[in-house]
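Colleague: Please show me the model, and let us then go through the terms used to describe it.

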Amino acid sequence: MPNCILEAKDIRKTFLFKGALVVVLDKLQFSIQEGQFVSIVGPSGCGKSTFLELLAGITKPDNGNIYLEGNEITGKTGFLGYMPQDDLLFPWLTTMQNILLPVKVQGKDEKEAKKKIIELLPLFGLMNYTDHLPYQLSGGLKQRVALLRTYMSSAEILLLDEPLAKLDALTRSQLQTWLKDIVHLLNLTIILVTHDIDEAIMLSDRIDLMSINPGTFMESIYLDRNAPLSAEEQLKLKTKIRSKLVNEEEKSENGKKIGEPEKSDKVI
Ligand SMILES: Nc1ncnc2c1ncn2[C@@H]1O[C@H](COP(=O)(O)OP(=O)(O)OP(=O)(O)O)[C@@H](O)[C@H]1O
């Protein structure tokens, strides 16, 4: 694929549950081009977070490989910027200290990094908050700090696991607009996991729909970020996506519950 920066090939991931193997992801293929914004939506429990953890190298697949610019990074951390669902800031560190954390951990030049952070603070709306502790920040500001910290891991690709899920509707909508702008300004490559179909439609170049039992990508929907859909088109697309997700959820409810081992699975 032209300019394909990250690829996951034939991924299979199982977990042990009550002594049996549960296949969470199987035969999963994924790729993203530089500068693309891809959202992943799928039923709860289909393996979206598991997939991001695999890309981040926090866990290893049972089968399959992950390549960054053609180099294998399967099971290796530190190559992609990862912001997990509960990306807690350290409560005893200020905004600046929290943002500098990945730089310190990676043993990189702190002075250089601080210069870069100071340049970026206005873009993240954090100029007046560098000495604040997390409890002194609003939810939206905390997410901006966490995002800038993820960006400072100096990864070209950011993996964001529901970064706006816990915010109130107004803050969420403001941050969606802001995220759209900084992604464009910094030319970021983003993989976003979200349950919010409108958010996915607003931000993405591509929406990947995930199936359940096992989790794999069943359809990609391509959008043009620079040509927003009309309200009518957006509603139509949202309805289409929702109905596909409902079908998947029903499949999972009619079949085995998520987390239950397959009858045919070998008990270890
Ligand atoms: N460490 C683990 N051990 C056993 N099972 C696990 C483990 N991590 C995840 N699972 C199971 O894998 C499945 C997928 O979980 P995952 O969190 O990736 O789903 P998800 O699509 O991100 O869900 P949600 O949208 O609700 O956040 C679930 O059934 C979960 O219980």
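Modeller: The C-alpha centres of domain 1 and domain 2 lie 26 Å apart. This is a predicted model: local features need pLDDT of at least 70, side-chain atom pairs count only at pLDDT 80 or more, and totals for chains, interfaces and linings use all residues. Residues are numbered from 1 along each chain as its sequence is written.

Colleague: What makes these two domains?

Modeller: The bounds come from an automatic or database domain assignment, which gives 1–80 + 156–268 as domain 1 and 88–154 as domain 2.

Colleague: How many residues does each domain give to the contact?

Modeller: Domain 1 gives ten residues and domain 2 gives seven; two residues are in contact if their C-beta atoms, placed from the backbone, lie within 7 Å. On the side of domain 1, α5 supplies the largest share, five residues.

Colleague: Why is the crossing of α4 and α5 called right-handed?

Modeller: A crossing is right-handed if the near helix is turned clockwise from the far one by less than a right angle, and left-handed if anticlockwise. The axes of α4 (residues 139–151) and α5 (residues 169–185), as lines fitted to C-alpha atoms over the stretch in contact, cross at roughly 30°, on a scale from 0 to 180 degrees between N-to-C directions. The crossing of α4 with α5 is therefore classed as right-handed.

Colleague: Which residues meet there?

Modeller: Gly139, Gly140 and Gln143 of α4 meet Thr171, Gln174 and Leu175 of α5.

How values were computed. Helix = DSSP H or I, 4+ residues; strand = E, 2+ residues; numbered from the N terminus.
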